[in-house]
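Me: I have a model open and would like to go through it in pieces. Can you take the questions as they come?

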Amino acid sequence: MIKITNLEKYYRTEEVETVALNKLSFEVKEGEFVAVMGPSGCGKSTLLNILGLLDDPDAGSFLFNGIEVAKFNERKRADLRKHNIGFVFQSFNLIDELTVFENVELPLIYTGVKASERKKIVEEVLDKMVIMHRRNHYPQQLSGGQQQRVAVARAVVNNPKLILADEPTGNLDSSNGNEVMQLLTDLNEQGTTIIMVTHSEHDARYSHRVIRMLDGQTVMENIMI
Amino acid sequence: MLLNYLKLAWRNLLKYRFFTALNITGLSIGVACFLLITLFVTDELSFDRFHDHAGNIYRVDADIVFGGSSLALAVASDPMGEALRKDYPEVQGYTRIYTSNGSKLIKKGNVFINEDDVAHVDSTFFDIFTYPAISGDTRKALTEPNTVVLTESAARKYFGNTDVLGKMLETNDAGGTLYKVTAVIQDMPRNAHFYFDFLFSMKNVQYDFGNYLSHNFSTYLLLRPGTTRKAFEKHFPDYINKYVFPQAAQFMQLKSIDEFEKSGNRISYQLTPLTDIHLRSDRMAEIRVNSNIQYVYIFSAVAIFTLLIACVNFMNLSTARSANRAKEVGIRKVLGSERKTLIRQFLTESGLLAVISLVIAIVLTWVALPFFNSLAGKSFRLTDLVRPDFLLFLVLLPVFIGLMAGLYPAFYLSSFNPITVLKGKLNAGARRSGLRSTLVVFQFATSIILIVGTIVVYRQLNFIQNKKIGFNKDQVLVINGTGALDAQYRAFRNEVEKLPGVLGSTMSGYLPVMPGARSDQTFSKESVMDPRNGFNMQCWRIDENYIPTLGMEMKAGRNFSRAFGTDSSGIIINESTAALLGYADPVGKILYSADGVNSEPGPHTIIGVVKDFHFASLKQKIGPLSFVLGNANWATSFKVKAANVKDILNKVQKIWTGMAPQLPFSYQFLDESFSNMYRAEQRAGKIALVFSVLAILIACLGLFGLASFMAEQRTKEIGVRKVLGASVQDIVGMLSKDFLLLVVISSVVAVPLAWYGMHRWLEDFAYRSALPAWIFVAAAIAALLIALITISFQAIKAALANPVSSLRSE
Ligand SMILES: Nc1ncnc2c1ncn2[C@@H]1O[C@H](COP(=O)(O)OP(=O)(O)OP(=O)(O)O)[C@@H](O)[C@H]1O
Ligand SMILES: [Mg+2]
C-alpha cells in the first residue's frame, strides 16, 4: 500500500539546516499494523506528516497504492487524503466549539456526504466507540480517554484505508491507553492499515512490526507476533 | 508610579505591534477628521459674531404673497428702517446695505478693474457693525455723497499703501463718478454673511426713494438690550397699516387692508437675528449664498461618528485580545495586584495610545489642510488649532478618547477570575462577545448610512445638472460688462459673431443663473389694478435672439421679431404665468404694468408663451416670469461650438482688449454659473464623500484587526479542519461567515435610518431625484464587499497556512 524510497526532508531555519528524514526507505502492506519508534527528534512526526499527505518530501519517491504522490500539489493531496487517510493525534485535536457529534461529522461534511446519511454514519461510529451517550457534549466536558475515543471515531468515520496515529496514548493513563490500543487493533482486524508512532514498548506490542528510527533513518525492523 | 505605568504601557504597545499600529492608524485618522470638521463647524457657527452688538442686530425680512406668487425676501423697503426708528424707541439704530447695482468698474491708473465686493451703505453702517478703522473716522465717513471707505487690501491694491485719506477713486457709475476716500478699515472678516472691499455712500444710489412697496435694501436694526425679537415683531402690523397700506391703497384702489387680504394677498415682516442669517436664511436677495444649518448637523454627526468608529476599534481589539492578556492579568492578580491597579494600567495604555494618535493626527491635519480648505471653500491654517478654546479641547480630547476607548476593556480585562484564566478556559468565551458584535454592527451601520448619504447627495446634484431645466446652458459664453463698451458695443458684437464657431448671440444681463439680474414688477389683468387682478412677476428685458440663443422653446404664440414694429409693447410670458392668469389662450390678451416696463407704463399684449425654464435654484418652484424687448446690455451671451470653446474665448478676449484696453475682460460659462448655484450642496457632497470613505476605512481597519485576531485564535482549529479535508474555500467561508452576518445586520439597522435622513434632506428641494431601493441595496452590498475583502485577506492567509506547523505547536 505504501512504498517509500530514499525519502528526504530538510528543515531550514535561518542558518541551521536540520535533516529530518535521511534517505528513508520502507514498505507497508495493506492490512498491516506498523509501529514507528525512536528517540525524540528523530523524524517520526515528520515521516507521518508526509505519509499523511500533509507535507511533501524534498526528495525521494512515495508510492501510495502504486501512485507516485511525492510531487502532488496541495489540492490533489487534500483530495486523496480526505478519502483515504484518518488521523489520530497525541493531543486529540478536537474542536472545542463543536460537540462530539459535530466533531465526528466534520470529515463527512468535507467529503460531501448528505446530511441524512451523515447522521446514520456518525451514530454508527459513535456506537462502535461506545461514546454515543456523550454525543451532545463538548470536548472540554470529556475525560482524556473519552476525547481520544472521539478522535478515533472521527478518524475512521470516512472508512479510510489507512490510519496514522502519532502517539495516540501519549496523553492517556494506562487503562485509557489500552482501551484506545484495543480500538486500533479491532480496526486493523477489520482490514484497516495502521501506522502508529509511539514511545511505548507496551503499545508497540499491539503491532505486527516495529520500525526503529534514528536521525531520520531506519535502523532496524523487528517483527512482533 | 505613573512612570512605571507608562513604562509598562509602552512595552505592551510595542509587544503587540500589529494591533498598536492598527489602533493608532485608525485613531489618528479619526481624530484628524474630527479636528478638520471641528474647524469647519466652529467656523460656520462663528459667522457674524464678531460685532460688538451681534446679539442685538436683526435683519428685516419681507414675505409678500401677491396675485398667486409668493416672495420670501431678505430685503426691506427704502424708508422702512427710518420709519421703525422714528416710531419705536426699542430701535437704537438701523443701517441699510444696497447691492442691487452689482459690481463696479474701478479705475486704477488707465485701466478699469471689475470689483464684485462693493456696496452702498448708510452712514450709520459703523454704528451698527463693528469694523476697526485704520485711519479716518468711520462714524462720519459716509455722511456726504461721493465718499468711500476702503479696506486695507483695497487701499493697497489701488494706492499701494493705506495712507490714502482724501484720495479720489473713479468708478463707472452713472458714466463716471469720483469718490473721496474718507476712512480705511481692516479687511472685513470672511466669517460673515457679507463682506466688501469698498463701501460707497448711500447718497450716490439712484433710486425712487420713499417707496414703501418696493423692497431692495438689506436693512439691519439694532434693538436695545432686553428687546426680544417676538415682542418687536408685534409692531409690524401697525407699521403696515400706517405706511405700507396707504401707498398700496392708492396704487390699487383699495378701501381696506381686509379687501387686500381677502383675495389671498398678504404682506408681512419678520426679523432674522444677525447670527442666524448664515445658517438659517435662504431667501431671495441674500447678499451672498448662505450655508445651511443642516450641514453643520450632518458634519458634526460625521465627525463624532468617525471618532467613535475609531474608538470602537480600540475597544474591540482590546477585548478580543483579552485572551492573550488574560494570562498576564491572572498572574498579576495571583501575585497580589489589585483590580484598581490593573484598571489604571490599562487606562494608561489607552491614554498613551490616544496621545500618540493625537500627535499624529495633528500632523495629518496639517498635511490635509490645503486639501480640506479647497474642499470646504475655507482658508484655515494650523494655527487656528491653537486658539485658547481649541487648546483646551486638544488637551481634553486624548483624555476623552483614552477613557472612551479604554474604560470598557480595562474593566473587562481586570475582571478576569485568575483561576479560570490560568486554566486557559477563557479562549472560547472571549472569542464571541455580544458587545463586540454590537459595536461592529454600529460601525458598519454608520458606514452604510454614510455611503447612502453620499450616493443620494451625488444623485441629487446630478439630477439638478441634468434635469430638463428648460434652456440649454451648454456652450454659452457670457461676456460681462459689455454695457461699458458704449459706442463700441455694436462693433464688438459684430466682430465676435463673425468668428468661426460662434453660432449666435443675445444681449441681456437677465440670465437664468446666478449672478444674473432680476426685476420683480407688479402687473394686473385690467387697466385699473385691484387686489384681485394684481400680481408680481419677473420682467426681463431681452432681445429677439434671447430665446433661440439660450435654447428655450415656445409653447404658444411667437418670439419677438424685427418684422413686427409693435413688438416693443409686446410681452412673452412663461407657462407658470399662463397658469396663474387662467386664460385658455393667453396669446392676444393684455397685461397692464403698474411701474412701467422700460419706463412705459401701460398695456402689453401677450404675443407668446415660453415653456417654463428654471431661473432660480431648483430648491424653489418656477414662478411667474415675462420677457419684454429692451436694453439690458451689461452682459452678452454667445452660443459657441463645443469643439473650439478655448480658442474662441482667446479670440474674444483679443477683440475686447483691442477695442477697450482700459476695461476688464470678464466672462462666465452659463453651465458653470448654473452649477455655482449649488456650490453648498456640491461641497457638502464632496465632504460627505471624503469623510465616508475615511470612516469606512477606519471601520475596515478594525475589522481587519478583528479578523486577523480571529484567524490567529483559530489557527489550531483551522489546522485540524484542513487535516480532515477542509478546502481553502471552506476555511475562508467559515472565518468570514460570522462577520458577514454582522454586516447584514448592520444593513438592516442602517437602511431605515438612512432612508429617513435622506428623505428629510431631499424635502429641501422643490425638484428632487427619487430615492430608489437600489441605493440602499448598493450601499449594503458595497459594505459587504468591503468587509469581505478585508476579512478574506486574513482568512485566505490562515487557510493557506500549512496545517502541520499549526498542529506542531501543541
Ligand atoms: N517546522 C520545523 N522547522 C524546523 N525544524 C523542524 C520542524 N519540524 C521538525 N523539525 C525538526 O526536525 C526534526 C524531526 O522532528 P520530528 O517532529 O519529526 O521529531 P519526532 O521524532 O516526532 O520527535 P518527538 O518524539 O519528540 O515527537 C527535529 O530535529 C525537529 O527539530
Ligand atoms: Mg513527534
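**Helix α2 of chain A and its surroundings**

Reply: In this predicted model, the buried residues of α2(A) pack against β4 (59-64), β6 (85-89), α3 (100-110) and β7 (162-166) of chain A together with α24 of chain B. Contact here is heavy atoms within 4.5 Å, and helices (H or I, at least four residues) and strands (E, at least two) are DSSP runs numbered from the N terminus.

Me: Which residues of α2 in chain A are the buried ones?

Reply: In helix α2 (residues 74-84) of chain A they are A:Arg77, A:Ala78, A:Leu80, A:Arg81, A:Lys82 and A:Asn84. Buried means under 20% relative accessible area, exposed over 50%, and partly exposed in between, with a 1.4 Å probe and protein chains only.

Me: What conventions apply to the numbering and the cut-offs?

Reply: Residues are numbered from 1 along each chain as its sequence is written, and chains are lettered from A and ligands numbered from 1 in the order in which they are written. Local features need pLDDT of at least 70 and side-chain atom pairs count only at pLDDT 80 or more, while totals for chains, interfaces and linings use all residues; side-chain values use heavy atoms, leaving out hydrogens and water.

Me: OK, the interface. How many residues of chain B are in contact with chain A?

Reply: 19 residues of chain B are in contact with 19 residues of chain A. The two chains bury about 1700 Å² between them, 57% of it on carbon and sulfur atoms. Buried area is the accessible area (1.4 Å probe) that two parts lose on being put together, summed over both.

Me: How many polar contacts and salt bridges?

Reply: There are 0 salt bridges between chain B and chain A, taking a salt bridge as a side-chain nitrogen of Lys or Arg within 4 Å of a carboxyl oxygen of Asp or Glu. The rule finds 3 residue pairs in polar contact across the interface, both residues at pLDDT 80 or more. A polar contact is a pair of N or O atoms within 3.5 Å; within protein, one must be able to donate a hydrogen and the other to accept it, and residues adjacent in sequence count only if both atoms are side-chain atoms.

Me: Which helices of chain B supply the side that touches chain A?

Reply: α16 (427-431), α24 (715-723) and α27 (803-808) of chain B each supply at least two residues. α24(B) gives the most, with 6 residues.

Me: Different topic. Where is B:Gln345, and is it buried or exposed?

Reply: B:Gln345 is in helix α13 (residues 339-376) of chain B. B:Gln345 counts as buried because its relative accessibility is 3%.

Me: What does B:Gln345 touch?

Reply: Not counting residues up to four places away in sequence, B:Gln345 touches B:Tyr5, B:Leu8 and B:Ala9. A polar atom of the B:Gln345 side chain lies 3.4 Å from the backbone oxygen of B:Tyr5. B:Gln345 and B:Leu6 are 339 residues apart in sequence and 8.1 Å apart in space, C-alpha to C-alpha.

Me: And chain B overall?

Reply: Chain B has 27 helices and 25 strands, and buried residues make up 55% of its 810 residues. Its C-alpha atoms fill a box of roughly 105 × 60 × 60 Å, taken along the principal axes.
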